[in-house]
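I'll jot down each thing I look up as I go.

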Amino acid sequence: MDARSKLLDDLSQLMTNAAGIAQGAREEAEAAIRSSVDQWLRESSLVTQEEFETVREMAVKAREQNEALEARLAALEAQLAGNAKGEA
């Protein structure tokens with residue numbers, strides 16, 4: 001029984017070590033892939049979500065200002081046209 005118990009202990013230890021090695025290999029592979037992806041993203045002309053949202057907000061604000069200026073210009077043109085009719 002002792003030899004069988006020793007064999008099972010050795011087999012159990014071997015499986016535990018194999019699982020540890022597999023886990024280590026997996027973590028190394030993930031780190032290598034993550035590093036490669038990070039490098040690719042840095043080299044690409046991609047923007048972050050934060051940068052995109054900032055520029056989007058700026059565009060919305062510029063569009064709103066443009067619409068307000070168009071309305072103001074139309075009102076001034078109408079006022080100018082009314083003054084020109086009054087002088088004629």
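Predicted model: local features only at pLDDT ≥ 70, side-chain atom pairs only at ≥ 80, totals over all residues.

**Entry 1: what sort of model**

I began with the secondary structure of the protein chain, and I counted 2 helices and 0 strands. Next I checked how spread out the chain is. Its radius of gyration comes to 36 Å, while the globule rule gives 12 Å for 88 residues, so the chain is more spread out than a compact globule. I also looked up the span of the C-alpha trace along its principal axes, and got about 120 × 30 × 10 Å.

**Entry 2: cover and surface**

How many of the 88 residues count as buried, as a percentage? I found 0%. For that tally, buried means under 20% relative accessible area. The protein chain exposes about 8,200 Å², and I noted that carbon and sulfur atoms supply 58% of that area.

**Entry 3: charges**

I counted the charged side chains and got 10 positive and 17 negative. The centres of these two sets lie 3 Å apart. Then I searched the whole structure for salt bridges and came away with 3. I went through them in turn.

**Entry 4: K6 and D10**

The side chains of K6 and D10 meet in a salt bridge, at 3.3 Å from N to O.

**Entry 5: R26 and E30**

Further along helix α1 I stopped at R26 and E30, which both lie in this helix, 4 residues apart, or about one turn. Their side chains form a salt bridge at 3.2 Å, N to O. Buried, exposed or in between: which is R26? I wrote down partly exposed, given a relative accessible area of 47%. E30 gets the label partly exposed as well, at 33% relative accessibility.

**Entry 6: a nonpolar patch**

Which residues make the nonpolar surface patch? I listed I33, V37, W40, L41 and L46, and the patch comes to about 510 Å². L41 lies in helix α1, which runs over residues 2-43. With a relative accessible area of 38%, L41 is partly exposed. Patch members need over 30% relative accessible area, so L41 clears that cut-off.

**Entry 7: a glycine**

Last stop was G20, and I found its place in helix α1. Its relative accessible area is 42%, so I put G20 down as partly exposed. I also took a distance from G20 to A31: the two are 11 residues apart in sequence, and 17 Å apart in space, C-alpha to C-alpha.

Technical notes:
Residues numbered from 1 in each chain as written. Heavy atoms only, no water. Patch = residues over 30% accessible without salt bridge, like charges linked within 9 Å, V, L, I, M, F, W, Y side chains within 5 Å. Areas by Shrake-Rupley, 256 points an atom, 1.4 Å probe, with all protein chains shown as cover. Salt bridge = Lys/Arg side-chain N within 4 Å of Asp/Glu carboxyl O. Buried < 20%, exposed > 50% of the residue type's maximum accessible area, 1.4 Å probe, protein only. Rg over C-alpha atoms; globule rule 2.2 N^0.38 Å. Lys, Arg positive; Asp, Glu negative; His and termini not counted. Charge placed at Lys NZ, Arg CZ, Asp CG, Glu CD.
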